[in-house]
Amino acid sequence: MLPLEFVVEVVVTPLKGLVAHQLAERGYSQSRIGQLLGISQPAVSSYLKNPKHLYEEKLLKVLERQELQRLLRTLTTLVEYASVEEFLRYVNNYSVGLLSSLRLCPLHRSAYPELGNCEICRDLQVYTETAKRVEMAFDLLRRCRDCYRLVPKVLMNIVELGPEGGVGYPGRIYVEGAQIMARGRPRPGASRFLINLVSEVNKLHPEIKAVANVAYVARDCAGKVFSVAEVGPSNSEEEIVANVTAAFQKGIYDVVYDMGGSGIEPNAYIFGIDAVDVATKVIELAKCLGPKDYKHV
């Protein structure tokens, strides 16, 4: 079996089945699920006939539970806020990335012992599209109803590390009315501070490659949804980097709240494996906002 066929069998197919169940539980019709996943209604019906736990069990042979939960959150958010093309692009790039990382090799060899020490997937050239993912992340935030309320007074940015270095938005992300806005398109070198911050965290945890800064709000609610840490006071950008990095020496966090300091506004820093992952966490945090929470003016 070709590696591409294998990744479809052990990842793509059960993943589509699991997402179909997730959407059905949210009240989506089978025809709508088919439209969102780019498959036919009969295909959706076939996926839903199998119990949800069967898809989970198959995927947990390949992915850690935390990674699977993260992936499901990202995909269900993409279904809600992005286009079918963007959803399929993310699944495709994720699947090819799994192959090129050689993570599937042990499972592939166990199923097909004749492969021996095969490393065919080293030949795969993965186009990372860092800037495209940052742009997709911004589009998700722009379509989110309440995400503008998370933009702090110092404005916001979202950065991902790629082969070309850290990529973010020049001039940061700002608000006009109730709409998140950005000047220009993402490019390498934008937001020196966030690039430095995520680079230091990446040295400790290489899987973390993206970060966004948001307003210091919804601390208690975030703790129920994400792994959260709190640091500070921080009286300079250098102290923020040092304090946040020190927190990551003790564990891995989705959100780190920094209480700020003299002349430094309190902010929360949301981390993830890529910019899209970060955006889905920002959207989830926005759902925590109550009427008395910070609102950008």
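On a 1 Å grid over the protein atoms alone, a cavity is a set of points where a 1.4 Å probe fits but cannot get out. Grid points are joined across faces, edges and corners, and a volume is the space filled by probe spheres set on the points. The model examined here is predicted, so local features need pLDDT of at least 70 and side-chain atom pairs count only at pLDDT 80 or more, while totals for chains, interfaces and linings use all residues. Residues are numbered from 1 along each chain as its sequence is written, and side-chain values use heavy atoms, with hydrogens and water left out.

By this rule, one cavity of 30 Å³ or more is counted. The largest cavity holds about 110 Å³ of space. Its lining (residues with an atom within 4 Å of a point) includes Pro3, Phe6, Leu99, His108 and Arg109. Two or more lining residues come from each of helix H1 (3–25) and helix H7 (105–111); helices here are DSSP runs of H or I with at least four residues, numbered from the N terminus. H7 gives the most, with three residues. By class, the lining has nine nonpolar, one polar and two charged residues, where Ala, Val, Leu, Ile, Met, Phe, Trp, Tyr, Cys and Pro count as nonpolar, Asp, Glu, Lys and Arg as charged, and the others, Gly among them, as polar.

Turning to helix packing, H2 (residues 30–37) and H3 (residues 41–49) pack at about 105 degrees, with axes 8 Å apart. Axes are lines fitted to C-alpha atoms over the stretch in contact, and angles run from 0 to 180 degrees between N-to-C directions. H2 is therefore roughly perpendicular to H3 (65 to 115 degrees). In this contact (heavy atoms within 4.5 Å), Gln30, Ser31, Ile33 and Gly34 of H2 meet Gln41, Val44, Ser45 and Leu48 of H3. These residues divide into three nonpolar, five polar and no charged.

Terms used. Parallel < 35°, antiparallel > 145°, perpendicular 65-115°, else oblique. 1 Å grid on protein atoms, 1.4 Å probe; cavity = no way out; pocket = protein on both sides within 12 Å on 5 of 7 lines; lining within 4 Å.
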